[in-house]
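Please consult the sequence and coordinates shown here alongside the text.

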Amino acid sequence: MTDPVWPMLLGRFTWDSLPFVRAWHNPTTNELIAAAAGGIVVVSGIAVLVLITVLRRWRWLWTEWLTSLDHKKIGILYIVIALVMLARALVEANLMRLQQAVAVGNPGFVAPEHFAELFSTHGSIMIFFMAMPFLTGLINYLVPLQIGARDVAFPVLNAISLWLTAAGAALMMASLVIGRFSTGGWSGYPPFTEIGFNPGVGPDYWIWAVTLGSLASTMTGINIAVTIYKMRCPGMKLMRMPLFTWTSLCTAILMIFAMPPLTVATALLALDRYLGFHFFTNALGGNMMHYANLFWMFGHPEVYIVILPAFGIYSEVVSTFSSKELYGYKSLVIATMAIAVLSFTVWLHHFFTMGQSASINAAFGIATMAIGVPTGVKIYNWIWTMFRGEVRFTTPMIYALAFMMTFVLGGLTGIILAFPPLDYIVHNTLFLVAHFHNMLIPGTLYGLLAAYTFWFPKVFGYRLDERWGRISCLCWIVGFYLAFMPLYVLGASGMARRTQAVMETAYRPWLYMAEAGALILLCAFAALIVQLWVSIRRRGANDVFVGDPWDGRALEWSVSAPPPEFNFARLPHVDQAHWFYDAKRKYAPYAPPIAYHDIWMLRNSAVAPVIGIASGAATFGLVWHMWWLAIFGLIVIFAAVVARSFVRDTHRVIPASEVARIDESWREATARAQPVPREIETSPANQGLALVRS
Amino acid sequence: MNGNDERRAEVRSYLVGYAGAIVMTGVAFAIVQWPIASPKLTFAAVLTLAFTQIVLQFRCFLHISLRRSARDDLQLILFSTLVVALMVGGTLVILLNLRERMM
């Protein structure tokens, strides 16, 4: 069972690589869990394929979604990937919490190696395949609409980024069914992940999945930055952009500079593992500290890559649901830029204990504390925005409020960790785990979910169910506090992170509490699914085709919901920030344009799916040493790029008459709709037209 | 200025940049092949030539100038320089310090 099967073709595959075979030979709970996880992937994969075939949706899927270059559809696909991956990583988190709660004074039911795989996949997925695709999807969808553009600057590149991300996510899923994942944590530190200590496929899965994700993010960063710099509609000066666009710009710039160090780090590690190099090995001149340095040069800006868009989201949400202009717009922009720059000055605080001199640690510790200042500025901005506003406690607003309270707590423990001497004490304990979850869950996840609830009506044309939204929101909040506050206590009492079994019985009540919290977080996700289901069922009653259900400010609210393929029948001309908000109060924003023109849009292209599938196959081949597959995949990628450059007929015309027909039918609906006041905006009376009191 | 003049000015800018780049690269190679100064001075000269060439290429090929229309691009370049300096400089400080403490 441990001999390679047909190595010419299947590389280092053995029957033992399949979790089902392992479970058959050795039916322990541990192996059965692995087999069940693999089984879920296989069964749900087959179920999806069967469903598409039965519904005869293949052609529709291919032409409407998979080959589309529409930034809106690409954005939605990103978020679909993110939600699927969120489900998996959340289940893994629950397994880990359950294991630790059970394994006080006994080995528990998850074996150490398996436990290590769980925390490695949980971290890698949550960062690279949940947070990143989710925020990239939101940016993709919203930024062109907010700046009055028809698409991003490089639509084909955009689709390729999506497909590389999808390939990386598919690799993560494949590791559940064939072989094992890395046991080296989400940061994959060598020398542990070197060939000498980890000869298996696990680290290779990690290397290639992360490499695909980082390449995709680099290209996305370039795309978004160029879009914001070059594609703004007439009159949209930088200081008139909505704050979400500003934070997207800063995130994009961070991606451009922060992702390459990661790509370099994983590429060098791959050279070590595949070609016998010695960049990070113990012997022959290798030095793993270079890896730590490179990884965190990416890793710290990454923290702000995932948090800055959420800051933008909260700014939009707080301002909209307080019916007030954002307090201190300029200071928020400056604070965002300051955070973007400062984020490149603090990476050493992730390895205070690596052994550099005290003065260097002190310098980076001070820089770390300095980041708290612009972040604090933002918190005050949001509080002042709400002050004397017409605050409505809708779901996104509850997320925003929970964020403000919780994020400040997490920031406080961050300041504690920024003192090198204190960091030495809690280094590698659950205190750290509690701290970064305390930043990332309110700072990123709540923001993403607030955005999901806030912009869902814009994207799909109907509002999400408010009641289930609040239930889910409440579960995310209560679950978070129950799951992570105990970890502060445990960490301060010395419990190391990534511990598979616990010998100290005094930890037991705290671990139980954390497990209860993890279960509530799982319920929160379930409530999210129920909310989606209920909302789809009642979509007729919650229809907001007119497109402005919350009395929004930025340009995306000035078009129908869902927006037409070309976004704007006529590109807007703006003469101030919040142009749409003021237009609703001063003149008629829904008046038809003087004339309609032909609009040129991009034709679909199969190049991105081809590249995505080929790169998934090539990296899978590299993981399993199926060299023929790797070479074949690389050739296909190259050929696809060359072939694309010969395609001359890339555009198609939407004639002016068609534009007029689509636009006029929306304007008629606008004229028919009943404007609603803010008090009843969550009731079915809301048809997407805001009642304006000037 | 009509389109033709504009085009001519653009071509001239490319030619100037091209010639300048070739001369500076050639000089850098030449002073290494046929040394006329101490190695330290030669190294400084090569660095200076390289830096001048970067500026020249930005000016002539990428049309970066202090004019208002190019202000965005200039800001991005300065920002990039700052971030790269932080990353490279920080890395050097950290790793040289580690080396010092371990050797």
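Asp551(A) is found in the loop between α17 and α18 of chain A, where helices (H or I, at least four residues) and strands (E, at least two) are DSSP runs numbered from the N terminus. This is a predicted model, in which local features need pLDDT of at least 70, side-chain atom pairs count only at pLDDT 80 or more, and totals for chains, interfaces and linings use all residues. Residues are numbered from 1 along each chain as its sequence is written, chains are lettered from A and ligands numbered from 1 in the order in which they are written, and side-chain values use heavy atoms, with hydrogens and water left out.

**Backbone features of the loops**

Although Asp551(A) is not a glycine, its phi is positive, about 55 degrees. Asp551(A) is buried, with a relative accessible area of 5%; buried means under 20% relative accessible area, exposed over 50%, and partly exposed in between (1.4 Å probe, protein chains only). Asn567(A) is also placed in the loop between α17 and α18 of chain A. Its phi, near 65 degrees, is positive in a residue other than glycine, and at 1% relative accessibility Asn567(A) counts as buried.

Pro562(A) belongs to the loop between α17 (508-537) and α18 (579-586) of chain A, while Pro191(A) is found in the loop between α7 (155-177) and α8 (202-230) of chain A. Each of these prolines takes part in a cis peptide bond, as tabulated below.

| Cis peptide bond | Omega |
|---|---|
| Pro190(A) and Pro191(A) | about 0 degrees |
| Ala561(A) and Pro562(A) | about -10 degrees |

Because 27 of its 31 residues are buried, α15(A) is largely enclosed by the rest of the structure. Gly461(A) follows α15(A) and has a positive phi, near 90 degrees.

With contact taken as heavy atoms within 4.5 Å, and residues up to four places away in sequence not counted, Tyr446(A) touches several residues, including Tyr314(A), Tyr399(A), Trp476(A) and Phe480(A).

His300(A), in helix α10 of chain A, is buried at a relative accessible area of 5%. Its side chain makes a polar contact with the side chain of His350(A) at 2.9 Å. A polar contact is a pair of N or O atoms within 3.5 Å; within protein, one must be able to donate a hydrogen and the other to accept it, and residues adjacent in sequence count only if both atoms are side-chain atoms.

Leu409(A), in helix α13 (residues 395-417) of chain A, is partly exposed, with a relative accessible area of 39%. Leaving aside neighbours within four places in sequence, Leu409(A) is in contact with Asn438(A), Tyr481(A) and Met485(A).
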